[in-house]
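Good morning. Please look at the sequence and the structure on the screen while I go through them.

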Amino acid sequence: MINFSFDGKTYQAHKGDTLAAALLRNGIGLVGRSFKYHRPRGIMTAGVEEPNALVTIGDGGRSEPNTRATDVFVYEGLVAKSQNRWPNLSFDIGSVFGLAAPALSAGFYYKTFFGSAKRWMFYEYFIRKAAGLGNAPTKTDPDLFSQRAAFCDVLVVGAGPAGLSAALEAAEAGKRVILVEQDNILGASLIRDGQDRDGAWVESTQARIRAAGGRILTRTTASGYWEHDLVTLTQRIAEPGQTPSHGVAQRLWHVRAGQVILATGSIERPMAFAHNDRPGVMLSQAVRTYVRRFGVVPGKRVVIATNNDDAYKTAYALKAAGAEVVAVLDARPAPAGADSGLPVYNNAVPLSTNGARHCLKSVTARVNGLTQSWDADLIAVSGGFTPVVHLHMQAGGTLDWNDAAQAFVPAASRQNVTTIGGAANPEPVFNVVPVSKPKKSFIDFQNDVTLSDVDLAWAEGYRSVEHLKRYTTLGMATDQGKLSNMAALGRLAEKQGVAIPEAGLTTFRPPYTPVTMGLLAGAGAKDAGAHVRRLALYDVHAAKNPIWQPLGYWFRPRAYPVGSETLAQAAMREAKAVRSNVGMTDVSTLAKFEVSGPDAAAFLEIICATTVGKLAVGRGRYTFMLREDGFVFDDGTVWRLDENRYLLTSSTGGADRMATHISYVRQYLCPHLRVSAINVQEHYAGIAVAGPQAKATLSALIGEEPPRHMSTVPAMIAGVPVIILAASYSGERAFEIYVEASHVGPVWAECEAEVSKQGGALYGLEAMEFLRIEKGHLVVGGEVDGRMTPHDLALDKMLNKAGGYVGASGLSRPALSEAGRRQLVGLEAIEGNIPEGAMLITGEGASPHGHVSAAAFRILDGGSIALGQLTDGFARHGEELIATSPTRGQMARVRVVAPHFYDTAGERYRD
Amino acid sequence: MMQFTCPHCGPRDQAEFIYERTVDAVVSLDAAPEEAMKSLFTRNNPRGVDEEIWRHTYGCRAWMVIARNRVTNEISATRAVGPEALP
């Protein structure tokens, strides 16, 4: 015996019971309340298609809402709770919604939204309280979810007789086979139908598949069929809410199969009649499963309603188990069922059920045009069989209409997939047109959609099945219409006066059954959600407790506060150190490419929009790159290290994009060039030393005269070979020192010692931003925002007049240099501080002429300054504007000036 | 998730590749402005086979052209590009 609890009460289950079987075993028929009307619901099926018996399993982080009681195997200590009821299951206030059912008919939400807002406000509170399923867990799931890839020659989905036979044949033919079964045992219909009662055939087949090297996965659902025969499997290692024995609760498999065999069987259809959602209404095969597999007889006096032969097996199983079959309502005319030895009524279809205290009391049917009733506590219904074609459809396959079975069956597929068994050859049935009152005749049990909702949608002009689905929400619940789609199609076809295949079909999409989010995330959750790139000097920075700034996948120090300094105070102190003495910072993340070979210069003149070829060995220059449409997309510097060897730098944020661009241009556009372009971003770490004392600092470090501005030399620091580039982003005399990242430690240490000897400071990104804004240098992603041309940024004089670079023809479009474009300007405050991101307007109510892309303060003199983009800005220097940021509630009066606030002559970085 | 046959590495999962563009969207370096704009903004987008440029980024990093049917995802041809693939 296994102990479990339901709504706080403890019960006993047998080994191998599903929760549904265990609840029935304990006489519990009422399991939940319906989504919209809070109608009492019980257990309808014995499989994953269950629409009614949805419960929350488990506690805390392991709790899993909306779990089908038919798809959970009971374990010791299982905790289940019913959903969507208050204060308790048998007395539920929300069921008054059932009384107000007409108010919530098809299209209720749409109509309410089109009505006055007041009306929605009134309804919303009640609807949000009432309509719903279980609650999402609020605690972190403590379990692990793993992912795994696998390959096989043949993947067989479904371990019924057809699937087992196919897997055995393939495995014994020497193929690599994976057989998956969503149940925890193999056999499927064999168990339900008792054809292999002692399990000997299943047992021996399983053993032979394994002996031939086949892999069998139970509790594993093929939930998605993707391109090129990739099938995703979701494997339950622990049951919902259960503590996994080895930490891993579920596993997601990506299986690339040579061939896929679908032996997915079929799902029995309910019939539409009034109050067909009451506890005590079950599908016929489900009743048989409970009797045969679990030894639970869900009713004592049973009515069977059918349109096919299969349901007679249920009647015999019930009789053998001691239940009384009071009537078999067979929709088919005589002589169907004549020699069954059962009380068969031909031309008989159910009309309604009656009940009391959430139990079934009687069944009313129309028999040969007359109404007749039977006292019964269970009705077993079989409305035919819907082949499980989901995976076939997900694979892009088409369907054929099988008229005898009144069902769609798999037809052609563009992938390597075949369907066998019951899914390909469903049992013949007799077509039954519902005659009951449509109002309480449910077709989608989970979303509470009735025949009358379909009728209403039709009356309101919804013709397409896709519209019908969205208007009524039919088939849109977590069961994705496994039971309801065919009933709705039948009703729609009846209204249209066409055959079902002409009424259309909605699309089947993955997953076949719900997949928990944690499984999709796998190990990529929490800190592993995105990868982190660590600076080679990460530990050195971390020891100084900086304020970190994420920059793409990198984290860089934003400032190094001393004592109780705020970010702004620390950054200003650091910036002042650079302006008045010397500072150093880590610039390792800049994109860097080593370009070498006889055609290196020619290649760089394709990548860069500036001239490169005339650069002397040991010299460098500023450069920028264009997109093919002529807009600036990155900038940096290019250095000639040797006759045929160059170093190209560009922005950190654009590094990956630039690496792809360079590779594309080299490999696809210029395969004939004799050049190698290697991404050395992480190969070199970089240290910038800037300030009036930078030259003295560097002299001390390398023991010789440092290179002049825009020159480069190789040197040694701390016994490590380095490349010195004399370039300035800050506006001061400055150097960038590049060194193999694995040897940067001692170089940094020696630089830091020398800088501190000079009385200088470390500086972070925030100070760097202050410095570059004051100097008017661009930042990619700020001023260079993808909408600016070289003309707009006043870079056009640097363009390579010979053309031939990427973007040259795009840039030649006249509109890219016409008047009326936004242009780069400087802004200085006349009154107030300029808010970053502010709009630039001429007066209140005027439309914006541009915006502020970056704002800062003059470092030594104070005063609010900014860079911005302004329509025809070059010609508007001296004009007064308003910079306003309504979202921040900030405003400043500004004057348009040139975008250089400091050392406009550029004298400070020259010796 | 598709499976491509990299000319250098053999059959690999699509997750290892990045998409660049279709071949008809390639802007050659000597393209006239009208021609360049046509490639960038008015592409063919056929319902059927198209030639696409992909890169085996998380593998050998090589570029290739893959002829893919956009309706069925059938891959009818794959060819390597780059200096090594020159005749």
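In chain A, 50% of the 911 residues are buried. Buried here means 20 or more other C-beta atoms within 10 Å of the residue's own; 12 or fewer is exposed, in between is partly exposed, and the C-beta atoms are placed from the backbone. This is a predicted model, where local features need pLDDT of at least 70 and side-chain atom pairs count only at pLDDT 80 or more, while totals for chains, interfaces and linings use all residues. Residues are numbered from 1 along each chain as its sequence is written, and chains are lettered from A and ligands numbered from 1 in the order in which they are written.

Now the make-up of chain A. It has 23 helices and 47 strands. Both are DSSP runs numbered from the N terminus: helices are H or I with at least four residues, strands are E with at least two. Chain A has a radius of gyration of 37 Å, well over the 29 Å from the globule rule for 911 residues, so the chain is more spread out than a compact globule. That radius is taken over C-alpha atoms, and the rule is 2.2 Å times the number of residues to the power 0.38. Along the principal axes, the C-alpha atoms of chain A fill a box of roughly 110 × 70 × 55 Å. Of the contacts in chain A between residues at least 6 apart in sequence, 65% join residues at least 24 apart. A contact means two C-beta atoms, placed from the backbone, within 7 Å.

Next, the annotations of chain A. UniProt, in an unreviewed entry, lists "domain: SoxA A3" at residues 439-522; that span is 45% helix and 6% strand. The unreviewed entry also gives "domain: GCVT N-terminal" for residues 537-800, where the chain is 29% helix and 29% strand. The positions follow the numbering used here, the feature names are shortened, and annotations may be inferred rather than shown by experiment.

One residue as an example: Ala898(A) lies in the segment after strand S47 (890-897) of chain A. Is Ala898(A) buried or partly exposed? Ala898(A) has 13 other C-beta atoms within 10 Å, so it is partly exposed. Leaving out residues up to four places away in sequence, Ala898(A) touches Gly826(A) and His877(A).

On to chain B. Its elements run β-β-β-α-β-β-β from the N terminus. Of the 87 residues in chain B, 20% are buried. Its C-alpha atoms fill a box of roughly 40 × 30 × 25 Å along the principal axes.

Strand S5 (residues 63-69) of chain B pairs with S6(B) in the antiparallel sense over five bridges; pairing requires at least two bridges found by DSSP. Ile66(B) stands opposite Thr78(B) in S6(B). Five residues sit between the strands of this hairpin, and there Asn73(B) takes a positive phi near 65°. Strand S6 (residues 75-80) of chain B has zero buried residues out of six, so it lies largely in the open.

Last, how many residues does each chain bring to the contact? Chain B brings 19 residues and chain A brings 21 residues. On the chain B side, the largest share, three residues, comes from helix H1 (residues 33-41) of chain B.
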